[in-house]
Amino acid sequence: MPDLDETPVLSVRDLNVRFGRNSIPAVSNVSFDVGRERIGIVGESGSGKSTTGRAIMRLLPQRAAVTAERMDFLGSPLLEKTERQMGGLRGKDIALIMQDPRYSLNPVLTIGKQVAEAAKLHLGVRGKDAVARARDMLARVRINDPDRVLSLYPHQISGGMGQRVMIAMMLLARPKLVIADEPTSALDVSVRKDVLMLLDELVRENNSGLILISHDIRMVAAFCERILVMYSGRVVETLSRLEDAAHPYTRGLIAAMPDPKHPVRRLKVLDRKSIEVETNP
Amino acid sequence: MIKVENLDVVYGAKDKSNHVVRGVSFAVSRGETLGIVGESGCGKSTVLRSLAGLEGAWTGSISFDGKPVGKVRTREELKLAQMVFQDPYGSLHPRHRIGTALAEPIRSMGGGDGWARVAEALQQVGLPAHFASRFPHELSGGQRQRVAIARALILSPPILLLDEPTSALDVSIQAEVLNLLADQREDRNLTFILVSHDLSVISHMCDRVLVMQNGVFVDELSREDLQAGVTHASYSRELFEASFL
């Protein structure tokens, strides 16, 4: 049944994250809505893009003070939930796909056990049914020989396959919101595209929202309907096309990337002074 | 400047052997930048490591500046080619100050204690001289990669071997490091071999690109080919399409 619900999956207003007594907030006054669409968050390391993703999942450590005027997931405030309620949401309704499958998969359990565990936890199936669900899901992420892969350990599979397994595990429960934090940075260019296409296809099929966090502004622009550009904890610009970029930081980021079609002798580097002036008038 | 003929690298023995590089030959002239591109495991880094003298299991012939070099290098041969690795954090000793790390190549090549040249080496890569007293963890990723480049250049080698020098860096920092490399190439008339999986970086830096797959070169592209998007093999076509979404 298609979901005709028009309310945003996630609605964030004035999200602030501060670590310890640090006077500089890691994330300040970030506001955005995610519907049944794909939005991208781009920025350099330290810009607060991953912290935003983790704040939504409530995965930040205790010393991080997270405040927001509103952070609603399907209409209910995330910040008021208990740890137990969050545990029920994580993985089932909100999924997080991280950068490197080698660190997110348990090295001493087989792929089959781990994917079946996701089925057991979120779908309430047991034993053989859970394994069958795991096998189906692996076939869905276009793993050719799911029976063989089920019995392998994470070190025996390649990075691209590992990321497919992660996607299978995360999307098994058909989450309403998928947060993908640099899902392809650890992968080769040749498999990067396949993994992104697959993620895109499954998210569309489930009619979920996707937040794609990456430093690669071109890739994000190719995949997402809207792009939030973050710089030093703030959203400096929201774009739907790269050509519309007006903020000097976004323009600087685009110009800093070498483009084989328009070769230049020297690449432009970011002029951080003028960006500071622009962001803190 | 660099001439490689029938380079073969095999790891392991008999039925467990893994033929990583299969008889590759290429030549790079002085001042030229050659790019090698391919996916992980195709053998591109192994070619570079063999050139740098870090690999012991190669056969074939390698010569720098017309003189053949063997598996065990003399000091003079080692001074000809220096390498910059992907992750600068892994290539700098965590408990040595930057100054110690920079002076070490000179010391180990028998050129005195090397301290006199540390400040100059830092300034050449755009870092303040007082960074010599810092530790690697006190520097950002881009600054660490600058130190790694300074360390490779401190022996004034005519050849620089670059193994994914910017893949651990942000695009904005990547631009700074690529500019630094281009400046140094111009100032010192350096010869580069740049290994990367990022075609846009390769086509920005290189005069010529070799596409590698399963230990052999399947395609050679000139600067003009890269700009026009011309390829001569199906694999390089695939790589091209995957790189530019």
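Two strands count as paired if DSSP finds at least two bridges between them, and strands (E, at least two residues) and helices (H or I, at least four) are DSSP runs numbered from the N terminus. This is a predicted model, in which local features need pLDDT of at least 70 and side-chain atom pairs count only at pLDDT 80 or more, while totals for chains, interfaces and linings use all residues. Residues are numbered from 1 along each chain as its sequence is written, and chains are lettered from A in the order in which they are written.

Begin with chain B and select its open sheet, where 6 strands lie in the order E6-E7-E8-E3-E9-E10 with mixed pairing. Strand E6 (81-84) and strand E10 (216-222) of chain B each have a single partner strand, so one side of each is left without a neighbour in the sheet.

Next, select E6(B) with strand E7 (residues 159-163) of chain B: the two run parallel and are joined by 4 bridges, and Ala81(B) stands opposite Ile159(B) in E7(B).

Now turn to the contact between the chains, counted where C-beta atoms, placed from the backbone, lie within 7 Å; 23 residues of chain B and 25 residues of chain A take part. On the side of chain B that touches chain A, H7(B) gives the most, with 7 residues.

Finally, select helix H10 (residues 248-256) of chain A together with H7(B), and find Gly252(A), Leu253(A) and Ala256(A) meeting Val171(B), Ser172(B) and Ala175(B).

Conventions:
Contact = placed C-beta atoms within 7 Å.
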